[in-house]
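Here are some notes for a first pass through this model. Please read them with the structure open beside you.

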Amino acid sequence: MSTLKRSRRAVLLGTLAALALGATACGSSSSNPLDGGSTAAAGTTASGGAAAAGGGSGSTVVVGSANFPENVLLGSIYSQALKAKGVKVEEKFNIGSREVLYGQLQSGNLTVLPEYNGALLAYLDAKATAVTTQDVNAALTKTLPASLAILDSSPAEDKDSLSVTQETADKYGLKSISDLTAKAGEFTIGGQPEFKSRREQQFKDVYGLTFKEWKPTADTTANALKDGSIQVGNVFTTDPKIVQYKLVPLTDPKNVFGAQNITPLVNKAGVDATATAALNAVSAKLDTAGLTGLMKRVAIDKEDPSAVAKDWLKANGLG
């Protein structure tokens with residue numbers, strides 16, 4: 001279980017190919033199996049027979065999810081938003097990897113999945129070079145089979161970031177990765193063990209950054225930022241430790257980290273106009289900061305994802 005997406009031109013090409021084979025990326029608060037890996041989780045719940053499709057009166061929309069907390073939360077948000085509009089819904093959460101999920105969606109056993117657009121494109125086309133939300137979605141529209149479609153992408157993204165503490169951001173006036181140029185030579189950066197080999201040259205080429213030192217901080221990156229052993233860290237944008245430790249993800253105006261917008265992926269035969277509108281309404285309201293706050297409740301405060309989803313929908317006039 002890992003994550004998704006990555007980069008630009010030559011670097012992007014190589015990294016996307018690695019993602020399709022099961023590399024790392026958009027994992028965040030827990031491991032994320034939607035990385036193109038081929039291993040399904042034990043206990044897959046999708047049934048062998050085709051689910052009732054159509055999305056019209058009396059038919060059932062089957063909402064699935066991968067087996068990590070963020071995706072289960074998103075699945076619950078989708079499910080409850082549909083129910084609020086009178087759509088008959090069946091939930092099949094904690095299923096497994098993208099291969100299993102994608103195949104079940106194609107077969108009609110699932111109707112709706114919360115997806116990550118950049119990772120989905122990398123899974124379908126390892127040679128894709130799109131990095132912006134608009135370009136990624138345009139490429140997906142051309143690449144997906146006729147039976148499947150993406151709906152509106154949300155502004156929310158679970159993707160790589162370079163993050164700093166609020167204190168560091170305030171002290172040096174840091175808002176974007178570009179702002180690191182003057183201080184990078186004094187800063188130690190941390191991330192997954194492979195982060196340096198994948199990103200060091202790219203940060204030099206794209207942003208002109210040369211860091212003082214690279215540390216393999218892995219899953220302790222946010223903690224290392226908090227204790228000051230690093231000054232910049234590769235933290236995923238919906239990691240609840242961003243909220244817990246008051247970290248600041250720097251913006252990426254030059255798109256080193258490609259788009260990873262949370263996007264409903266649907267079997268078109270299974271959704272009608274009512275279901276489509278309900279899911280698009282969720283996307284219109286869901287942003288990265290909001291999702292990160294929700295994930296703090298799920299991953300750190302250990303609240304039930306369905307209850308957290310219900311609260312969010314009610315607060316946003318969707319439940």
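1. A definition comes first. A polar contact is a pair of N or O atoms within 3.5 Å; within protein, one must be able to donate a hydrogen and the other to accept it. Please keep in mind that this is a predicted model.

2. Start with Lys159. This residue sits in the loop that joins strand S4 (148–150) to strand S5 (162–165). The side chain of Lys159 comes to 2.8 Å from the backbone oxygen of Phe257. Is Lys159 buried or exposed? Its relative accessible area is 11%. Buried means under 20%, so Lys159 counts as buried.

3. Next, the largest nonpolar core. It holds 57 residues, and Leu73 and Leu82 touch the most other members. Helix H2 (residues 69–84) supplies the largest share of this core, with 7 residues. In soluble globular proteins, nonpolar side chains tend to be buried together.

4. Look closely at Leu82. Which residues does Leu82 contact, leaving aside neighbours within four places in sequence? They are Val61, Val63, Val87, Val89, Ala275, Ala278 and Leu279.

5. Move on to helix H3 (residues 98–107). Its buried residues are Arg98, Val100, Leu101, Tyr102, Gln104 and Leu105. They pack against strand S3 (112–116), helix H4 (117–124), S4 and strand S10 (262–267). Just after H3 comes Gly108, with a positive phi of about 95°.

6. Ala281 deserves a check. It belongs to helix H10 (residues 273–285). Ala281 and Tyr78 lie 203 residues apart in sequence, yet their C-alpha atoms are 9.9 Å apart in space.

7. Last, the second largest pocket. It has a volume of about 370 Å³. Its lining has 19 residues, and those closest to the centre are Thr237, Pro249, Leu250, Thr251 and Thr288. Which elements each supply at least two residues of this lining? They are helix H9 (241–244), strand S9 (247–249) and helix H11 (288–300). H11 gives the most, with 3 residues. By type, the lining divides into 10 nonpolar, 5 polar and 4 charged residues.

Definitions and conventions. Residues numbered from 1 in each chain as written. Predicted model: local features only at pLDDT ≥ 70, side-chain atom pairs only at ≥ 80, totals over all residues. Heavy atoms only, no water. Helix = DSSP H or I, 4+ residues; strand = E, 2+ residues; numbered from the N terminus. Buried < 20%, exposed > 50% of the residue type's maximum accessible area, 1.4 Å probe, protein only. 1 Å grid on protein atoms, 1.4 Å probe; cavity = no way out; pocket = protein on both sides within 12 Å on 5 of 7 lines; lining within 4 Å. Points joined across faces, edges and corners; volume = space filled by probe spheres on them. Nonpolar A, V, L, I, M, F, W, Y, C, P; charged D, E, K, R; others polar. Core = buried A, V, L, I, M, F, W, Y, C linked by side-chain atoms within 4.5 Å. Contact = heavy atoms within 4.5 Å.
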